[in-house]
Amino acid sequence: MTAKNYSRRDFIAKSSLLGAGIAVAPHVFSSTLAIGSKPAILGGRGIWADKQWPKWPRWVPETDEKKLLEVVRSGIWSRASVTAEFESEWARTLGAKRCLSVVNGTNALITALSQFHIGAGDEVIVPPYTFIASVTSVLLNGAMPVFVDIDPETFQIDPTKIEAKITSRTKAIMPVHILGLPVDMDRIMAIAKKYNLFVIEDACQAHLAEYNHKKVGTIGHAGCFSFQNSKNLPIGEGGAVVSNDDQFIDRCFSYHNLGIPYGTAVGTVSSGSVIMGTKVRFTEYQAAIGLAMLKRLDAETTTRNENAAYLSSLLQQIPGIVPYKLYDKVTRAAFHLYPFRFMKEAFGGLTRTSFIKAMRAEGVPCSSGYTLLTDKPYLNDAFQSAAFKAIYPPEMLDFDAYVAANRCPKNEQLCNEEAVWLTQNMLLGPRTDMDEIAGAISRIHKNAASIAKLHG
Ligand SMILES: *Cc1c(COP(=O)(O)O)cnc(C)c1O
C-alpha cells in the first residue's frame, strides 16, 4: 500500500493499535508508511530512514562569529576580559554569586573537591549511574568514592539510601543531576546538614535545570558544569565551578592558576604561589564561543522541556515503555538526554539490544546509555597506587570486598536491562518529530514478537 491510497479507515484501524486515547497526529501515519507495515529490521523501509535530526552543536555565523573573530584576531588568547565576561554571565544566568571557568567539567569537579579540602582518607557519596568523571574526580583527590544506588523511576541517586552509607570518613555528597534531570535536592541538603557534609553538585548535564525554582548547581556548596561538545551549552571543551562562597571560589581561582594568590587566597601576586595549584585555565576563544551559545540556551531549554513532556504523553501509552519521572519540586529539567525504560516482557521478550537495533533501522537513533562503573579496573588501579596504600588500611583496598559492598542492584537493572536514551538534539525539532519517535516505537511494539523470533 502506498502513502496515497492509505485511507482514513486504515489509519483509524492501525492507530488504534497504539492503545486507547493516544494523541498521535494523523500525519505520522498518513505521510509515509503505516505502523502496521513491516519494520525496517525485518526488511521493511525505515519509517524515518531519510530523516535529518537537528544537528549539534548549532553554529549560526551571522550571530555567533563576531566576537570569536575579534578574539582570534586580537592575539589575546589566554584568559582575560572575555573569559571574565563569560564567567559573570554564567553566574548571573544561574543566580550564583561567583563562577570560575576551567578547561572542562572533569577539572571543575577536581578543583571543587580539592578546595573544600576533600582528599586523603575521606569518603564521598556518589551515584553509580553517571559519567566516569564524577567518580575519578574523587579518586584523583585521594578520596574514596562510596556508591549509593539510584531510584530507577527518576534515574537519580536515591536519598533514602544515603544515610546507611555514611561513616566517620564521609566528607561530602556529590549529587549528579544525571541526564539533566534534577536530584531531589531538599532531601540531600537535609542529610548534608544533619551530618555536616559538603554538597558538590555535578550539574555537568543540567544547564538551567531547576529544583524549586532554583537553578541546580546553586543549591549545594558548589556546582560544576561541563561545556563539552555534546553538552547543552557546547564549547568543544570547557567547564565551570559556581558557588556563593567567595573564599572558596578565590581558592579555586588560585588552584586553577598555579596556586598564585587571588582575592582572599592571600599572598601578594609577586610573592609566588601560596597553594599547591595546577593550571586549568579557560581561553578567550572558548569564552567567545560560550557567550554565543549562551544566547540560545534558554529558548532551547524551553523547547526541550515542551517536546519531552509531549513525547512522554505519547510514550506512556505504549505498553512496556516507561518514561523518566521528575521529583515534585522540579520546576524545569535540562534534558541533556531523554530517558525511558524498556520492559521486555511487554515486547514479547524482545531484548533491549534488538529494540535499539530496530529503532536505528527505522531511522530513530537511540542507545542503552551507561554501563556499570562500580566494578571496573580503574578503581583497583587507584587502590593499588602507592598513595592509596599509604592512606587507607588494607581492608579498604580489597577490590572484591569493595565491589561487593558497593553493588547497586537498581543501577544494574537500568544499565544492563532497561535504560534507553535519546539525545538532547532530537528534542530541538518540531513537535511532529516526537510523533515520529512514538510512531517508530509503536511499530516495533506491534511487531515485537516477530522481531524477537529473528533477532532475540
Ligand atoms: C560531561 C560530564 C562530566 C565531565 O565533563 P567534561 O567536560 O567532559 O570533562 C562530569 N560529569 C558528568 C555527569 C558529565 O556528563
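How many nonpolar, polar and charged residues does the lining of the second largest pocket have? The lining has six nonpolar, nine polar and three charged residues. The legends below refer to a predicted model.

**View 1. The second largest pocket and its lining.** The second largest pocket has a volume of about 170 Å³. Its lining consists of 18 residues, and Thr106, Phe131, Ala133, Ser226 and Lys231 are those that lie nearest the centre of this pocket. Two helices, H6 (105-115) and H7 (132-140), each supply at least two residues of the lining. The largest share comes from H6, which provides three residues.

**View 2. The ligand in the second largest pocket.** The space taken by the ligand is the second largest pocket. Around the ligand there are 17 residues, of which Gly105, Thr106, Gln205, Ser226 and Lys231 come nearest. Helices H6 and H7 each contribute at least two residues to this shell. H6 gives the most to the shell, with three residues. By class, the shell around the ligand divides into six nonpolar, nine polar and two charged residues.

View 3. Which distances separate ligand oxygen atoms from N or O atoms in the side chains of Thr106, Gln205 and Lys231? For Thr106, an oxygen atom of the ligand is 2.5 Å from an N or O atom of the side chain. For Gln205, the corresponding distance from a ligand oxygen atom to a side-chain N or O atom is 2.8 Å. For Lys231, an oxygen atom of the ligand is 2.9 Å from an N or O atom in the side chain. On its own the ligand has 370 Å² of accessible area, and the protein covers 94% of this area.

**View 4. The largest pocket.** The largest pocket has a volume of about 240 Å³. It is lined by 13 residues, and Glu123, Val146, Tyr402, Ala405 and Asn406 lie nearest its centre. Strand E3 (144-147) and helix H14 (399-405) each supply at least two residues of the lining. H14 accounts for the largest share of this lining, namely three residues. The lining of the largest pocket comprises seven nonpolar, two polar and four charged residues.

**View 5. The cis peptide bond at Pro57.** The peptide bond from Trp56 to Pro57 is cis, and its omega is near -5 degrees. Most peptide bonds are trans. Pro57 is found in the loop between helix H2 (27-31) and helix H3 (61-64).

**View 6. The backbone at His117.** Most residues other than glycine have a negative phi. His117 is placed in the loop between H6 and strand E2 (123-126).

Technical notes: Residues are numbered from 1 along each chain as its sequence is written. This is a predicted model: local features need pLDDT of at least 70, side-chain atom pairs count only at pLDDT 80 or more; totals for chains, interfaces and linings use all residues. Side-chain values use heavy atoms; hydrogens and water are left out. On a 1 Å grid over the protein atoms alone, a cavity is a set of points where a 1.4 Å probe fits but cannot get out, and a pocket is an open set with protein on both sides within 12 Å along at least five of seven lines; lining residues have an atom within 4 Å of a point. Grid points are joined across faces, edges and corners, and a volume is the space filled by probe spheres set on the points. Helices (H or I, at least four residues) and strands (E, at least two) are DSSP runs, numbered from the N terminus. Ala, Val, Leu, Ile, Met, Phe, Trp, Tyr, Cys and Pro count as nonpolar, Asp, Glu, Lys and Arg as charged, and the others, Gly among them, as polar. A residue is near a molecule or strand if one of its heavy atoms lies within 4 Å of it. A polar contact is a pair of N or O atoms within 3.5 Å; within protein, one must be able to donate a hydrogen and the other to accept it, and residues adjacent in sequence count only if both atoms are side-chain atoms. Accessible areas come from the Shrake-Rupley method with a 1.4 Å probe; for residues, only the protein chains shown count as cover. A molecule sits in a cavity or pocket if more than half of its atoms lie within 2 Å of its grid points.
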